[in-house]
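Please read the following note alongside the sequence and the three-dimensional view.

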Amino acid sequence: VPLCVRGAATSLAGQTLGAGIAVDCFHLDRILEIDPERRLARVEPGVVQGALNRAAAPYGLEFGPDTSTVEQATIGGMAGNNSSGSRSIVYGETKDKLLRLRGVLAGGEAAGFGACAAGDLQTGLSGGAGSLYDGLAALQARLSARGVANFPRTARCVSGYNLPELLEPEPNLARLFAGSEGTLLLFTELEVQLDVRPQARSLAALTFGSLRAALEANLVILTTSPSAVELIDLVPLRGSPNLRRFTRLGPILDGDDPAVLLVEYQGTRDESLAGLDRLRAVVPDLGARVEIFFADPAEANEAWELRRASLPLLMGAPGVERPASFVEDTAVPPERLADYVDEFRRIVAAHGARASFTGHASAGCMHVRPMLDLKSAAGVGRLQDIASEVGRLVAEYHGAFSGEHGDGFSRSWFNAELFGAETYSDFIALKDLFDPRRLLSPGRKVEGPPIAENLRFGAGYRARLGWRPRLSYAREGGFDLAVERCF
């Protein structure tokens, strides 16, 4: 019977779904140790990131990769998904914070994985993991002979397995499991590096006349050493009545500019303000239309709240076409992002659809959700066609099909084409080594099902309440549509 592993229970790409026993790690939530001298923590996989940050705060520390779901995301889930967040240009991905892992292999053996002294793989294995040495050494030799030139050339990549770690001068085998989505090992304990909490953060918001203008400005802004640059596509959000609650952002929301960049600097108070001064120096070269430098922390918090609310606002849009998450976190190098988004938009428009483009401009990772009616055969067909064309576009730009949210059921099918036959065979070899009987989250990372096989709706979907609601829900189009919009 397969085991389907999950942290707090959900993930956007379908990592937590599937036949078998759902192993929910949420209750394994002990913080075992915080070592402020070495800036590390040992935790069980179900520890929520926000809880770890609160425990580390008295020492001036935190777990750097900052997910927007900080109060729901677990450290084990973040490792399984290789999570990053808005400030990845400062903190990197979760893989960069993994020091050691303990877990249970598919055969039931307890195993440990960590740094390899002098590059010797044997020193990075403990317990039952020792039996994996020959297979890992053979895989490392094949990779060394061929290299990883066909891996995405991006700062973020959650597509496939993290095989490039085996080619590091001193590999850390714990990082081999970053982004593995529960397909290789059941985590029981993680040792992670903590980061120093910044004393202050300063923020500015700039609007632009087009998405392209904003993405071109992003390249100039990156030369000023920000901690985050976030793009918000305002066009799909303007119809939301809930926008009115962002009262402090009136100069941005009352206009008709389609794109906003949020630019943040962090450090000491003086360092964060010096960052804003560097930004002011380049503003004349950016082509910005409205510029707001937030002196009030409450105003800055509201701007970040708008960024976090962009997906819920989008999910609440009226109509039968819903924001579909199947190409929503592709990543390319930032210097190619403006051209990439132009071509992405042409693909979506060619299929008679529209989409929202919001995300981490600093890292070249966009959250794109085409609006589709997936309760119709035509809508499902558009999903398949857009996914295939965007996948080929990602490969052409040497990008990652998933820069943040992972492969799951919705993107694993494309890994063979994205990485090529040889590297994909190495993925299979890694899965064979750890899980030859396909008991751990099968259908993820390798041997994934077709994209339309596990849809929530599908052409045959019909709402069946079996009862009549007391309220009408007429404004939402009926109770079924209200439920489907719940976020």
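1. Basis of the note. The structure is a predicted model, in which local features need pLDDT of at least 70 and side-chain atom pairs count only at pLDDT 80 or more, while totals for chains, interfaces and linings use all residues. Residues are numbered from 1 along each chain as its sequence is written, and side-chain values use heavy atoms, with hydrogens and water left out. Helices (H or I, at least four residues) and strands (E, at least two) are DSSP runs, numbered from the N terminus.

2. The sheet. Six strands form an open sheet in the order β3-β4-β9-β6-β7-β8, with antiparallel pairing; two strands pair if DSSP finds at least two bridges between them. The edges are held by β3 (31–35) and β8 (125–127), each with a single partner strand, so one side of each has no neighbour in the sheet. From one strand to the next, the twist averages 15°.

3. Pairing around β6. Strand β6 (residues 98–104) pairs with strand β9 (residues 186–193) in the antiparallel sense over six bridges.

4. Strand β7 (residues 110–113) is joined to β8 by three bridges, and the two run antiparallel. A111 stands opposite G127 in β8.

5. Helices α9 and α10. Helix α9 (residues 337–350) packs against helix α10 (residues 377–396) at an angle of about 160°, with the axes 10 Å apart. Axes are lines fitted to C-alpha atoms, for helices over the stretch in contact, and angles run from 0 to 180 degrees between N-to-C directions. The two helices are therefore roughly antiparallel to each other (angles under 35 degrees count as roughly parallel, over 145 as roughly antiparallel, 65 to 115 as roughly perpendicular and the rest as oblique). On the α9 side the contact involves Y340, E343, F344 and I347, which meet I386, E389, V390, L393 and V394 in α10; contact means heavy atoms within 4.5 Å. The residues of this contact divide into seven nonpolar, no polar and two charged. In this classification, Ala, Val, Leu, Ile, Met, Phe, Trp, Tyr, Cys and Pro count as nonpolar, Asp, Glu, Lys and Arg as charged, and the others, Gly among them, as polar.

6. Helices α5 and α9. The axes of helix α5 (residues 211–222) and α9 come within 8 Å and cross at roughly 160°. That makes α5 roughly antiparallel to α9. From α5, the residues L211, R212, L215 and E216 meet L337, A338, D339, V341, D342 and R345 in α9. By class, this contact has five nonpolar, no polar and five charged residues.

7. Helices α4 and α13. For helix α4 (residues 133–146) and helix α13 (residues 421–434), the axes come within 10 Å and cross at roughly 170°. This makes α4 roughly antiparallel to α13. G135, L136, L139, R142, L143 and R146 in α4 meet E422, T423, D426, A429, L430, L433 and F434 in α13. The contact of α4 with α13 has seven nonpolar, two polar and four charged residues.

8. An aromatic pair. Rings of Phe, Tyr and Trp (its six-membered ring) pair if their centres lie within 6.5 Å; planes under 30 degrees apart count as stacked, over 60 as edge-to-face and the rest as tilted. By this rule the count is 17 aromatic pairs. The rings of Y340 and F344 have centres 5.8 Å apart and planes at 85°, so this pair is edge-to-face. Both residues lie in helix α9, four residues apart, about one turn of the helix.

9. Residue R153. Where does R153 lie? R153 is found in the loop between α4 and β9. Not counting residues up to four places away in sequence, R153 touches P333 and H398.
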